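Have the structure open as you read.

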Amino acid sequence: MGSCKIECGSQVKWLWVHGPIIVGAGPSGLAVAACLKENGVPSLILERTGCIASLWQQKSYNRLKLHLPKQFCELPLLQFPENFPKYPTKHQFISYMESYAKHFSIQPKFNQVVQRAEFDRVRGFWRVQTQDFLYFSRWLIVASGENAEPAIPEIQGIEKFQGTVMHTSMYKSGSGFKNQRVLVVGCGNSGMEVSLDLCRHKAIPHMVVRNSVHILPRETLGISTFAIAMALLKWLPLRLVDKFLLLLANFTLGNTDKLGLQRPKTGPIELKNATGKTPVLDVGALSQIKSGKIKVMEGVKEITKNGAKFMDGQEKEFDSIILATGYKSNVPSWLKGTDFFTKDGMPKKPFPNGWKGENGLYTVGFTRRGLLGTSLDAVKIAGDISDQWMKINGCKIGGFNSYILPR
């Protein structure tokens, strides 16, 4: 990547980007940059941290693995190494991301925090402000994703608690919680896996189930449940596939309602598509719940100085609290002047139409369909922008140049 860096004294530095500006160097940003490059279109990724895939590198627990088989998690144009297991580990996935960036010569500008991005309707291009530069481009691709910031719920009295309180974004291992009574707030995939990890490190986890949840076996007879669902959806209606998955879950896992884990009335795939709420793919936590090693608790009424009061009237003491309450988009905090996103930072248009807005605005990584959805949108975006690039430039060229834009 070539650039022309000019010192302007105390003046703001202006940088014109010939190709799209991509906000975020996670899997979504890397995927769309690779697809653009394959189409001969240069791009510039602005990344707020000092590394690619920062959520995986800095904010994930050690035992994390891909929940789906690797073939459903590959980014466009490059497969996982053949020697990787069916469910790659956190470190293997990070290695894949680093190899991906190297393979396509993707070099993000790190430590660039986008403070504001807005379309200049007079000049007809996007203005993207970071702490160092004011960037300009005809295209802006929002790739900061659905999981940009930890979602911290308001829980009455939590400021009184004298023990440790942390979000799962700060949790690495249960090794420091041995013999502790730990309250895990949340029962999604993270809540289940953290509870399991605590259990294996001889802690005493109590998992709060705030809402209904679908739990499915990760595999049935060695076949991924997700793969079964994807195959059936090619031939059967979604609701029929959901019914089959629930029958399969009841047969293999039993009635989870008896464990305090009530299922939603809406089927797992339909619920995922409508709300983004992912079904839990069980990797061992359910057996620990059945044995009583992981305690299931109703919603928290109030946090006390030494523990918590629950909705069912129980009160218990805890040494630590871990918030497995997920993540949220941060797009509304920096993208201005457009109503393409909801107040929660998600595209208003549902999948598969949420990848393109007006005036050269695109989004990738907001499909609520994981890395598979990311790949689909990355290919669409690259194709759409490359068509415009051809009309503007007359041919496909590689490389990247930047210049100072006159005031």
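## Leu240 and the surface

Leu240 comes out as partly exposed because its relative accessibility is 43%, the class between buried (under 20% relative accessible area) and exposed (over 50%), with a 1.4 Å probe and protein chains only. This is a predicted model, where local features need pLDDT of at least 70 and side-chain atom pairs 80 or more, while totals for chains, interfaces and linings use all residues. Residues are numbered from 1 along each chain as its sequence is written, and side-chain values use heavy atoms, leaving out hydrogens and water.

Leu240 sits in helix α6, residues 238-253 (helices are DSSP runs of H or I, at least four residues, numbered from the N terminus).

## How α6 meets α7

Helix α7 covers residues 268-275, and its axis runs 7 Å from that of α6 at an angle of about 125°. So α6 is oblique to α7. On the α6 side, the contact uses Leu238, Arg239, Val241, Asp242, Leu245 and Leu246; α7 brings Pro268, Ile269, Glu270 and Asn273. Contact here means heavy atoms within 4.5 Å. Axes are lines fitted to C-alpha atoms, for helices over the stretch in contact, with angles from 0 to 180 degrees between N-to-C directions. Under 35 degrees is roughly parallel, over 145 roughly antiparallel, 65 to 115 roughly perpendicular, and the rest oblique.

## Ala229 in α5

Now for Ala229, which belongs to helix α5, residues 225-233. Ala229 is buried, since its relative accessible area is 4%. Leaving aside residues up to four places away in sequence, Ala229 touches Val241, Leu245 and Ile269. Val241 is 12 residues from Ala229 along the chain, and their C-alpha atoms are 6.6 Å apart.

Definitions and conventions: Helices (H or I, at least four residues) and strands (E, at least two) are DSSP runs, numbered from the N terminus.
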